[in-house]
Amino acid sequence: TYNLDIAKERATTFFQAGLRLVRLLNQDVTINTVVLALLGDFITNEIHGAENAESNELTPTYAIVAAQSLIISGIEFFLEHSKYEFVIPCHSGNHARTTLKTRFGNENGHSLEYLMYLHLAAYFRNEPRVRFVIPEGMHSYLDIYGKTLRFHHGHAVKYGGGVGGIYIPVNKAISQWQKGRRADLDVFGHFHQLRDGGNFICNGSLIGYNAFALSYKLDYEPPRQTLFLMDKKRGRTCVWPILVEDNAQG
């Protein structure tokens, strides 16, 4: 089951638990900046046709407004209860597009999420502790302590449902991208599963296991998000799941 009430509960849990984890880490290391990556697919939309149109609680425009409200609330919660600065890379997912098929050449021009990111940046334009990174292309890059992180939604990785999971197609994609601009770590979502591949981190999802995952025989995974620490001397050190559902906490 997934609806507006559950979405709000899980989003609230994510921001609250995320702040608790950051504070816990902050007891042993100095943390000044939090990178809050908005990696896309904040709405289901109607790209899969009649099935989504029948089952979605909100039409796409209303859904993106609801998602925007949850994100604003979460960022304001962080600002009110901490002194951290925030860098927010923003990437459009495939679900928020207004076209039947993805148009990689002008994806942002057909994305409700790109519009949402511009609204978020305008909303926080007078907040000096918040910096949005909204790229025109598929990738954005962020340098942290001499390491380069590449952010994207993940839908350019073509996963064919192989026995090895996403690892082989992700590494094939990364090897090609490295020829254009090198990165030490790729960070993306899209696949609704938390995976630490060493040179990449794939985020989990709020929506969790559903009919789509069941029909495609995907691995079961509770709804969760991801937090990882970049250490000044050691680079990326630890990765934590942020569980966002009560019955997933046990």
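Modeller: Helices are DSSP runs of H or I with at least four residues, strands are runs of E with at least two, and both are numbered from the N terminus. Asn106 sits in the loop between strand E2 (85-89) and helix H4 (112-123). The model is predicted, so local features need pLDDT of at least 70, side-chain atom pairs count only at pLDDT 80 or more, and totals for chains, interfaces and linings use all residues. Residues are numbered from 1 along each chain as its sequence is written, and side-chain values use heavy atoms, without hydrogens or water.

Biologist: Why is Asn106 called partly exposed?

Modeller: Its relative accessibility is 45%. Buried means under 20%, exposed over 50%, and partly exposed in between (1.4 Å probe, protein chains only). So Asn106 is partly exposed.

Biologist: What makes Asn108 count as buried?

Modeller: Asn108 also lies in the loop between E2 and H4. Its relative accessibility is 12%. That is under 20%, so Asn108 is buried.

Biologist: How do you know that a polar contact joins Asn108 and Ser92?

Modeller: Their side chains are joined at 3.2 Å. A polar contact is a pair of N or O atoms within 3.5 Å; within protein, one must be able to donate a hydrogen and the other to accept it, and residues adjacent in sequence count only if both atoms are side-chain atoms. So 3.2 Å falls within the limit.

Biologist: What makes Asp186 and Arg150 a salt bridge?

Modeller: Their closest N and O atoms are 2.9 Å apart. A salt bridge needs a side-chain nitrogen of Lys or Arg within 4 Å of a carboxyl oxygen of Asp or Glu, so this pair qualifies. The pair links distant parts of the chain: Asp186 is in strand E6 (residues 185-188) and Arg150 in strand E5 (residues 147-151), 36 residues apart.

Biologist: Are Asp186 and Arg150 buried or exposed?

Modeller: Asp186 has 1% relative accessibility, and Arg150 has 0%. Asp186 is therefore buried, and so is Arg150.

Biologist: How many salt bridges does the whole structure hold?

Modeller: A search finds seven. One of them joins Asp231 and Arg234, at 3.3 Å. Asp231 is buried, because its relative accessibility is 13%. Arg234 is exposed, because its value is 62%.

Biologist: Why is Asp246 called exposed?

Modeller: Asp246 lies in the segment after strand E10 (235-243). Its relative accessibility is 70%, which is over 50%, so Asp246 is exposed.
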